Amino acid sequence: MSKEISSPYAQFRDLKALYVTDISSLAWCEQQFHYSLHAGGRTETTEMKAGSDIHLKLELEVHDLIKVSIETSEDLWGLKLFNLLFGLEALRTTGETRELPIFGFVSDIFVFGIIDQIKKFSNRRIRKNNDWEWRICDTKTRSKCFRPKKSDVPSSVKYQIMLYKKLFDNLAEGSIEEERIFEVLDLDADKPFSKKFSKYIKIYFSNNKKLNTLRKLMAFIKNYFGFFWKSSNVLEVNYKYQGDGSDLGSLYFEYEEDMLDKHLKRSIIYWKGDREPEGVPIEEAWKCQICEYAENCEWRLKKSSNVLEVNYKYQGDGSD
Ligand code: SF4
């Protein structure tokens with residue numbers, strides 16, 4: 001089997017798009033991510049379900065949700081673009097949006113993600129753009145009713161939010177490579193949306209006649225992004241308590257482009273099958289204690305065979 005066929009990208013991503021979390025999750029443990037890919041994804045736990053419910057509740061505070069029928073791949077990506085457009089409109093008019101679709105290229109791979117929240121915040125130190133910035137925020141839910149320490153924010157969370165910022169900023173700078181996107185996703189940019197989907201656009205978007213193909217919609221969005229500019233270098237993680245959804249406060253960290261780029265490079269090499277996944281280093285072996293693959297993990301077994309053991313016995317009765 002050729003390397004191209006056997007790469008995780010070829011094996012597990014039929015839609016030819018990686019999610020932002022496909023890249024950020026590798027920072028927790030690549031080996032664990034690799035096992036979960038082969039197992040068909042992670043099984044939804046009660047905690048994950050509680051987290052999804054809280055995210056939905058937060059989204060409903062700022063958006064209405066409606067059911068839309070789609071028939072073609074062009075409809076599917078058209079819907080994502082319309083959601084982006086609605087989200088940008090909310091951001092422009094109210095200063096806040098949630099669940100904003102975002103996309104772009106990392107190396108030659110198309111990457112897609114959904115930003116939990118972007119909001120306008122005032123920063124008196126800034127002497128441009130009316131003294132305010134766009135701040136990107138991700139919401140995390142916890143089973144414990146207190147916020148973690150700043151040093152405990154995992155690098156996977158930081159990479160996730162930093163990649164959101166990078167993708168958002170690229171779009172805000174007008175660098176949408178639409179032809180490349182259509183080609184990679186194998187989309188017919190000039191094929192009209194299906195009747196059912198067009199009906200939805202007609203109800204919810206007054207410019208429907210002009211925006212009946214992906215090419216026209218993408219051009220409109222590109223133009224619309226002219227209103228926005230690069231987001232803040234300060235990124236936010238907001239914590240909610242899974243028990244009752246109450247707010248536990250936020251932690252903030254700085255965007256570090258070099259660090260992100262190094263991670264992106266390493267991740268793409270993994271996805272293309274040009275290197276094997278790695279497990280956690282010895283200093284992070286505590287992650288193995290809470291890992292569902294610990295029992296049969298090859299990385300762990302290999303590492304533990306290299307660890308030398310000193311066993312202590314009590315001289316009195318020889319007990320361990
Ligand atoms: Fe990673 Fe440890 Fe789990 Fe292996 S046991 S997959 S090294 S976290």
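## Basis of the model

Because the model is predicted, local features need pLDDT of at least 70 and side-chain atom pairs count only at pLDDT 80 or more, while totals for chains, interfaces and linings use all residues. Residues are numbered from 1 along each chain as its sequence is written, and side-chain values use heavy atoms, with hydrogens and water left out.

Two cavities of 30 Å³ or more are counted, a cavity being a set of points on a 1 Å grid over the protein atoms alone where a 1.4 Å probe fits but cannot get out, with lining residues having an atom within 4 Å of a point. The volume, meaning the space filled by probe spheres set on points joined across faces, edges and corners, is about 120 Å³ for the largest cavity. Of its 14 lining residues, Cys-29, Gln-32, Cys-288, Cys-291 and Cys-297 are the closest to the centre. Helix α4 gives the most to this lining, with three residues; helices are DSSP runs of H or I with at least four residues, strands are runs of E with at least two, and both are numbered from the N terminus.

The ligand sits in the largest cavity, in the sense that more than half of its atoms lie within 2 Å of the grid points.

## Second largest cavity

The second largest cavity has a volume of about 90 Å³ and is lined by 14 residues, among which Trp-77, Leu-81, Phe-103, Ile-181 and Met-218 lie nearest its centre. The largest share of the lining, four residues, comes from α6.

## Aromatic contacts

The structure holds 21 aromatic pairs, where rings of Phe, Tyr and Trp (its six-membered ring) pair if their centres lie within 6.5 Å, and planes under 30 degrees apart count as stacked, over 60 as edge-to-face and the rest as tilted. The rings of Phe-33 and Trp-271 have centres 5.7 Å apart and planes at 75°, so this pair is edge-to-face. It links distant parts of the chain, as Phe-33 belongs to helix α4 and Trp-271 to helix α11 (residues 257–271), 238 residues apart. Phe-33 and Trp-271 are buried, that is, under 20% relative accessible area with a 1.4 Å probe and protein chains only.

Terms used: 1 Å grid on protein atoms, 1.4 Å probe; cavity = no way out; pocket = protein on both sides within 12 Å on 5 of 7 lines; lining within 4 Å. Buried < 20%, exposed > 50% of the residue type's maximum accessible area, 1.4 Å probe, protein only.
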